[in-house]
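Trainee: I would like to go through the terms used for this model.
Mentor: Ask away, and we will set each value against its rule.

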Amino acid sequence: MLLLLFEIYNGRYALDVNQIIEIVPLVKFKKIPTAPGYVAGLMNYRGTGTPVIDLNQLMDSVPFEDALSTRIIIVNYPVRNKGDKPLALIANNVTETVRTRLTKPPPAGVLMDKSLYDGEITPETSEMIQWFDIKKMLPENEITLLFEDEE
Amino acid sequence: MQTANLKIDDCWNRIGILRTGAERCPKLDQYVHCRNCPVFSKTGRKLLRTEPPEDYRSEWTKILATEKALKPFNIKAAFVFRAGSEWLALPAHMIHEVVNMGPIHSLPNLPSKVLRGLVNIHGSLQICVSIGSVLGLEKLVKTEVEFDPSYVSPERLVVVLQDNHLVAFPVSEVKGIIRYTPEMLKDPPVTVSGSKAVYTSGILHLDGNDIALLKDKPLFKTLTKDFE
């Protein structure tokens, strides 16, 4: 399984690349006035207004890093009754992917750096990496509302 | 994070492969080149933690607002040649070789016009057939011209691999291999009838020429049916 590694504030996370449509640089967002703080706004992604979730605000209530390595991960988000819709997630340090022998999410939802690299590369740290489950880690009800206005 | 806070140790310039001094990084024994070294890639990634340049975000906002330009996919290759006055094409994968024209040794009691005879391809005899006879193409009548010693005939022998057999056929000229997508393939005009229509899967319009893409399987079945 190919995993995308990224950071949110101080934590490291891994996301299965099969859920990703595209990784794009930071763009400008259109603010949604009544939306919760972690909704950075809407971005025009290939012609459709796509909600942008600032993961730093959502998890740790801090703004995202204004850096080149802060990128937008466009994922396929399963919206209730509407099928998969593109959803934009802002994360820090989206710079690395690793190929692992994992075939399913780790039982505890946490990976050790060591298990990721399979002993081929010496891990940079002994930090734990949290499995990013887009279903469990994002507030489903509130995100569903963001897709409500679409016909 | 600010650019000023970034401390980059350019060890590749200091002790790595770009070093000028005598000191050599011990990791080079293991990684041979700095590009294989995790320190190098980690530092490279660190460089991305700098502030984006001005206009960067507005520029990308514009780019992402437009549809993604998809590269053409499902590209196929066709081998284009001329037989008489007609430009024809065959799927490129079946072309085994193109060799210079040599003498075609006719066989006595030829069963058909299709079989031209035998040709010498790298010392082994291969069957030589005529594509034009099956497609009903007219031969260009050679006009009597003065002998020109500098003239090199563009005629070639094309060797194709069909069902594990090599079959050769003479062509008037070889254009080469072109690439096309299925969308570029047009239906043959209705005015084309007879055997030419039977063996044509589509027309490619390229550089002002209409090239008939031939159906390789039915065509070679007909070409080789008499001597199987």
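**Strands, sheets and the interface**

Mentor: In chain B, strand E6 (residues 156-162) and strand E7 (residues 165-171) pair in the antiparallel sense over 7 bridges. The model is predicted: local features need pLDDT of at least 70, side-chain atom pairs count only at pLDDT 80 or more, and totals for chains, interfaces and linings use all residues. Residues are numbered from 1 along each chain as its sequence is written, chains are lettered from A and ligands numbered from 1 in the order in which they are written, and side-chain values use heavy atoms, with hydrogens and water left out.

Trainee: What makes E6(B) and E7(B) a pair?
Mentor: Two strands pair if DSSP finds at least two bridges between them. Here there are 7 bridges. Strands are DSSP runs of E, at least two residues; helices are runs of H or I, at least four; both are numbered from the N terminus. Leu161(B) stands opposite Leu166(B) in E7(B).

Trainee: Why are E3 and E4 of chain B said to stand at the edges?
Mentor: The open sheet has 5 strands in the order E3-E6-E7-E5-E4 (chain B), with mixed pairing. Strand E3 (95-100) and strand E4 (115-121) of chain B each have a single partner strand, so one side of each lacks a neighbour in the sheet. Neighbouring strands there are turned by 35° on average, direction ignored.

Trainee: How do you know that E2 and E11 of chain B pair?
Mentor: Strand E2 (residues 86-91) and strand E11 (residues 209-214) of chain B share 3 bridges, in the parallel sense. That meets the rule of at least two. In E11(B), Ala212(B) is the bridge partner of Leu88(B). Helix H7 (residues 216-224) of chain B packs on the sheet, touching E2 and E11 of chain B, and makes about 105° with the direction of E2(B). Axes are lines fitted to C-alpha atoms, for helices over the stretch in contact, and angles run from 0 to 180 degrees between N-to-C directions.

Trainee: Why is Glu7(A) with Arg49(B) called a salt bridge?
Mentor: The rule wants a side-chain nitrogen of Lys or Arg within 4 Å of a carboxyl oxygen of Asp or Glu. The closest N and O atoms of Glu7(A) and Arg49(B) are 3.7 Å apart. The pair therefore qualifies. Across the interface of chain A and chain B the rule finds 3 salt bridges.

Trainee: How many residues of each chain are in contact?
Mentor: 24 residues of chain A are in contact (heavy atoms within 4.5 Å) with 20 residues of chain B.
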